[in-house]
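Here is a short report on a cavity and on helix packing. The structure comes before the details.

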Amino acid sequence: MQVRGAVVVVTGAAGGIGSALARRFAAEGARGLLLADLDAGRVEDLALALDREGCHTVGVGSDVSRESDVQALVETAEKHLGPVDLFCSNAGIGSGAGIEAPNELWQACWEINVMAHVYAARAVLPGMLKRGEGYLLHTASAAGLLQMPGDAAYTATKHAAVAFAESLAVAYGGQGIKVSALCPQGVHTAMTEDPAVAAVLGAFGRMLTPEQVADAVIEGLAAERFLILPHPEVAQYEQGRAADRDGWLDGLRHAVGKLGAVDPATGSLSRG
């Protein structure tokens, strides 16, 4: 897929990977952008800046854990920009905890990391299927293929996000619908500013900037690859995991133990 001339929706667009995607899509010549985030002020400011630079952009405050909000995003995009060609379901959260995380936090991770993708697909697929084309980009994580030590809810829900994207690719790939799962490892965002998170991620590979991730997205969309891996080594890690699951788990256990960033008593990120 080429972004030039496309109408694109990006959620979680106020910062990090989302805002980098928005800026890159505008630079690539997108016909229109609908940017959404829980932080309405920041996303509206970004939309105004991109609109002034020449890309027709609309910014809206939105809670993607509510299906009505996601449906409204699509309706707003269609009203002001036209049919959605690419929906980037990018919003996500972590817990930084093991099984002791409160049920409310587990549920929030489920709603934002998984159900927001479901709501997006429900909202855009009818129109895309009618036109016989469309693209869904789901921001997951390398944790969706491997693990994020110290964050059980994040790991579990990101695995579910990848599996859901696979199910869409199987169900609709023969009807003109393209699906990609974006699975970066460590990225410099607000989510990784926590020293414990940064310590875990930094131990397993280099940290990328959001702009580097956006570069990988443009290349991955052009190639229409299901897995977009800004850290290519993740593919090797996944192959090693599949070839020897027990050995991979043992090695990861030892690596995390030496790192000391995960509390062995709780399985959560150690912050003190």
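## Cavity lining

By class, five nonpolar, one polar and one charged residues line the largest cavity. Here Ala, Val, Leu, Ile, Met, Phe, Trp, Tyr, Cys and Pro count as nonpolar; Asp, Glu, Lys and Arg are charged; the others, Gly among them, are polar. The lining residues are Met 1, Gln 2, Val 3, Glu 28, Ile 218, Leu 221 and Ala 222. On a 1 Å grid over the protein atoms alone, a cavity is a set of points where a 1.4 Å probe fits but cannot get out, and lining residues have an atom within 4 Å of a point.

The whole structure holds one cavity of 30 Å³ or more. The largest cavity has about 40 Å³ of space. Volume is the space filled by probe spheres set on the points, with grid points joined across faces, edges and corners.

## Basis of the model

The model is predicted: local features need pLDDT of at least 70, side-chain atom pairs count only at pLDDT 80 or more, and totals for chains, interfaces and linings use all residues. Residues are numbered from 1 along each chain as its sequence is written, and side-chain values use heavy atoms, leaving out hydrogens and water.

## H1 against H7

Helices are DSSP runs (H or I, at least four residues), numbered from the N terminus. The axes of H1 (residues 16-27) and H7 (residues 210-223) come within 8 Å and cross at roughly 55 degrees. H1 is therefore oblique to H7. Angles under 35 degrees count as roughly parallel, over 145 as roughly antiparallel, 65 to 115 as roughly perpendicular and the rest as oblique. Axes are lines fitted to C-alpha atoms over the stretch in contact, and angles run from 0 to 180 degrees between N-to-C directions.

H1 and H7 cross in a right-handed sense (the near helix is turned clockwise from the far one by less than a right angle). Contact means heavy atoms within 4.5 Å. H1 contributes Gly 16, Ile 17, Ala 20, Leu 21, Arg 24 and Phe 25. Among the H7 partners are Val 213, Val 217, Ile 218 and Leu 221. The contact has 10 nonpolar, one polar and three charged residues.

## H4 against H5

The axes of H4 (residues 103-131) and H5 (residues 152-172) come within 8 Å and cross at roughly 15 degrees. H4 and H5 are therefore roughly parallel. Their crossing is right-handed. This contact has 17 nonpolar, three polar and one charged residues.

Ala 160 sits in H5. Ala 160 touches Trp 110 and Val 114, not counting residues up to four places away in sequence.

Conventions:
1 Å grid on protein atoms, 1.4 Å probe; cavity = no way out; pocket = protein on both sides within 12 Å on 5 of 7 lines; lining within 4 Å. Helix = DSSP H or I, 4+ residues; strand = E, 2+ residues; numbered from the N terminus.
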